[in-house]
Structures are given as structure tokens and as C-alpha cells.
Amino acid sequence: MKEGNTGAKAAKRDKEVPVTAAKLFGGTKKFMAAYARAMTPLSERTGLPTPAIDIILFLANNPGHDTAKDICRIRGFKPAIVSFHIDKLVEEGFIERRSDPKDRRKCCLVCAEKSGELIDEGREIQDLFAKKLLNGLTEEETEIMKRCMEKFANNLNDILEKGLGGDNE
């Protein structure tokens, strides 16, 4: 009897709090807003807009992903925005454009020496943000969340590549 009761309670709880795409998307928007808020002091101090700081940190934190196309694809920024900020960052000496020795048509982006202090401060903020985000979670919960996020990322990549397809459509 107790076992059946537990199942009924779980089913009722699942009905009360459904995980919907809208809730997940809302969480993503809130995450991005909180991250932008965390980067605001660095943005104000340097005079660089947060998307420009994001581009510098992306290049510093993701070796091998060094093109505008990579930034657009992985960070989800619009090409026009990335292009605008790259032009400004090159002009201000924070990043450099270099042609790829294997393919001269490809332009690689490299953080310049001038961006070193900004990268250090930005990474510090990213670390603090992650700690604050994980505040109150046990080590086990953190590991479970990491595995779930990996699966979400794989599923999102699959959806982007193939659509919903198969069983879900």
C-alpha cells in the first residue's frame, strides 16, 4: 500500500511542476541576464560593452575556436553584432586578426597582450558567478547537474542538426 501511495504522490508532484520548454527557456534568459549583471562592473570599468567582453573571454577560454563563425555558432550571437564588436576590439588593440597558415581565406582571432588584465578579471568573475550559481548544492547534486547539462547540450546540438525528428515529431 505504501509503495502505491508513493507512486501516486510522485505522479501528482510531476503533474504540479511540469518541465516545459517555456520554463527552460525562461531559466536560460534569467541565466544570461544574471551573467550580464555580473559582468557589468567590468564593462563599466573598461568602457567595453558586455558582448565585447564576452568575445574576448570566449577567445581566451576556447582554444581552437578562434573565428567569428565559431563565436556566432557556439555563443549564439548574431553575425552583425560579432562583426561590429570584433572591428572595435581590433581597432582598440584588444584582439588581432591573423590569417590561418593552412587556409589564408580564414581569419583567426587572437587576444592581444592588452586584453590580459581584462581576461584575468573576467575569469575571476566567471568563477565567482559559477560558485554563486552552485551555492547550496551538494557535491553530488553538482555532479548530477553537470551530467544533465552535458546531456542537454548534446540534445540541443542534435535538435539544431536534425530537428526534432523521429520519436518526438
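Colleague: Leaving aside neighbours within four places in sequence, which residues is Ser115 in contact with?

Modeller: Ile56 and Phe94; contact means heavy atoms within 4.5 Å. Bear in mind that this is a predicted model, where local features need pLDDT of at least 70, side-chain atom pairs count only at pLDDT 80 or more, and totals for chains, interfaces and linings use all residues. Residues are numbered from 1 along each chain as its sequence is written, and side-chain values use heavy atoms, with hydrogens and water left out.

Colleague: Why is Ser115 called buried?

Modeller: Buried means under 20% relative accessible area, with exposed over 50% and partly exposed in between (1.4 Å probe, protein chains only). Ser115 has 0%, so it counts as buried. Of the chain's 169 residues, 21% get that label.

Colleague: What does the side chain of Ser115 reach?

Modeller: The backbone oxygen of Ala112, at 2.7 Å. A polar contact needs a pair of N or O atoms within 3.5 Å; within protein, one must be able to donate a hydrogen and the other to accept it, and residues adjacent in sequence count only if both atoms are side-chain atoms.

Colleague: Where does Ser115 lie?

Modeller: In the loop between β2 (103-111) and α6 (116-134). Helices (H or I, at least four residues) and strands (E, at least two) are DSSP runs, numbered from the N terminus. The chain has seven helices and two strands.

Colleague: And what covers the buried residues of α4?

Modeller: The cover includes α3 (50-61), α5 (79-91) and β2. Those buried residues of α4 (68-75) include Asp70, Ile71 and Cys72.
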